[in-house]
Amino acid sequence: MYKFRIFNMKWQLLNYFIISGLLTVSSMYIVLEHYREKLDYWEFRMWLVITLFTVCLIVGYFATRRWQRKVDELHVAMLELSKGNFSARIEMEPIEPFLYLYDAFNNMAAQVEERVHLLQKLGEAEAIRDQELTENAVMEERRRLARDLHDTVSQELFAIHMSASALPKVLERNPGAAPGMMDQLIQMSHHAQKQMRGLISQLRPIELKDSSLQEALEKWFPEYCRTHELQGQLEVSLPETISEAIEHQFFLIIQEGLANVVKHASAKEVRLTIFEGEHQYVLQIQDDGQGFERRDIPSASHGLSTMRERAQKLGGEVTIDSKVGSGTRIRVRIPKFSSVQAQSSQGGSNE
């Protein structure tokens with residue numbers, strides 16, 4: 001069918017040349033048969049050439065005007081499509097020299113209209129889904145904060161209250177035990193204050209905004225360690241071309257990982273390292289805390305599962321090495337793709 005359309009187009013173009021050639025040959029034949037004697041006069045020859053040239057121009061003009069009109073129709077339809085009028089189509093006649101071009105354009109316009117419509121529907125659905133996810137995330141964060149307040153600060157305050165209530169009776173019956181109870185109250189209040197500072201810092205986390213991940217960490221990490229009485233070491237070696245999505249997920253993983261260190265590890269030192277490998281970006285959080293056995297992971301799996309989910313969004317993975325009494329090391333690996341690989345993957349998706 002495609003070859004037939006091309007042949008039909010070429011045949012109609014050939015018709016104009018045949019008509020022009022026939023007119024020229026017919027004119028020459030008439031002149032040779034009836035005006036042979038006048039060919040000796042130069043005036044006659046000049047008018048003959050002018051006449052033949054004029055006939056060829058007239059035929060070429062009508063042929064060009066017809067083809068130009070077809071090209072203009074295609075051009076106008078393309079402009080309409082580029083302006084966002086995806087319903088633009090070209091009306092086709094049964095016998096049409098540009099039939100295959102018009103048909104190809106109409107099919108392309110129909111596909112573009114269908115895909116743009118589909119993208120619009122997907123965009124609307126994604127917008128609704130993102131709104132629902134945001135609302136769910138807010139509710140989940142509220143539940144998490146309420147759970148953390150109940151499991152830490154609330155219980156600490158309750159214990160302080162019970163000990164303070166019992167202190168007058170201890171002073172009355174056993175004054176020697178009072179100093180020990182006072183020291184216990186001071187330690188408990190200090191620990192509760194530490195837990196509260198940690199929750200407050202999570203409520204107002206620093207944003208990357210126009211800063212790089214390294215710049216944000218150089219500002220946030222030392223302050224976080226001071227707040228939670230940790231000795232912190234920071235080593236960041238990243239290229240300037242790291243994507244914003246990777247930086248954002250790394251930062252959220254770091255916040256979650258350090259929150260777990262403060263809440264569960266009872267650590268004194270923590271080391272945060274980020275570097276670029278040959279094929280991966282690597283994030284590592286290591287503490288000298290109490291550690292845990294692998295069978296005990298489910299008891300603290302909420303934070304760890306959150307870190308895994310964030311890494312998996314970017315095709316990465318999280319590994320956890322821990323031993324009781326020897327601390328914990330969390331390592332996050334995110335695949336690194338070169339610009340050439342990214343362009344080739346985009347090209348493959350377009351095909």
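What pLDDT does the protein average, and what share of the residues score at least 70? I looked this up before anything else: the protein averages a pLDDT (the predictor's confidence in each residue, from 0 to 100) of 76, and 73% of the residues score at least 70.

I note that this is a predicted model, in which local features need pLDDT of at least 70 and side-chain atom pairs count only at pLDDT 80 or more, whereas totals for chains, interfaces and linings use all residues. Residues are numbered from 1 along each chain as its sequence is written, and side-chain values use heavy atoms, with hydrogens and water left out.

Where pLDDT is low, the predicted coordinates should not be read in detail.

Next I searched the whole structure for aromatic pairs (rings of Phe, Tyr and Trp, its six-membered ring, with centres within 6.5 Å; stacked under 30 degrees, edge-to-face over 60, the rest tilted) and found 2. W220 and Y224 form a tilted one, 4.8 Å centre to centre with 35° between the planes. Both are buried (under 20% relative accessible area, 1.4 Å probe, protein chains only), and ring pairs link W220, Y224 and F251 into a cluster.

Lastly I looked at L283, which, leaving aside its neighbours within four places in sequence, is in contact with residues including F250, I274 and V332.

Terms used:
Buried means under 20% relative accessible area, exposed over 50%, partly exposed in between (1.4 Å probe, protein chains only). Contact means heavy atoms within 4.5 Å.
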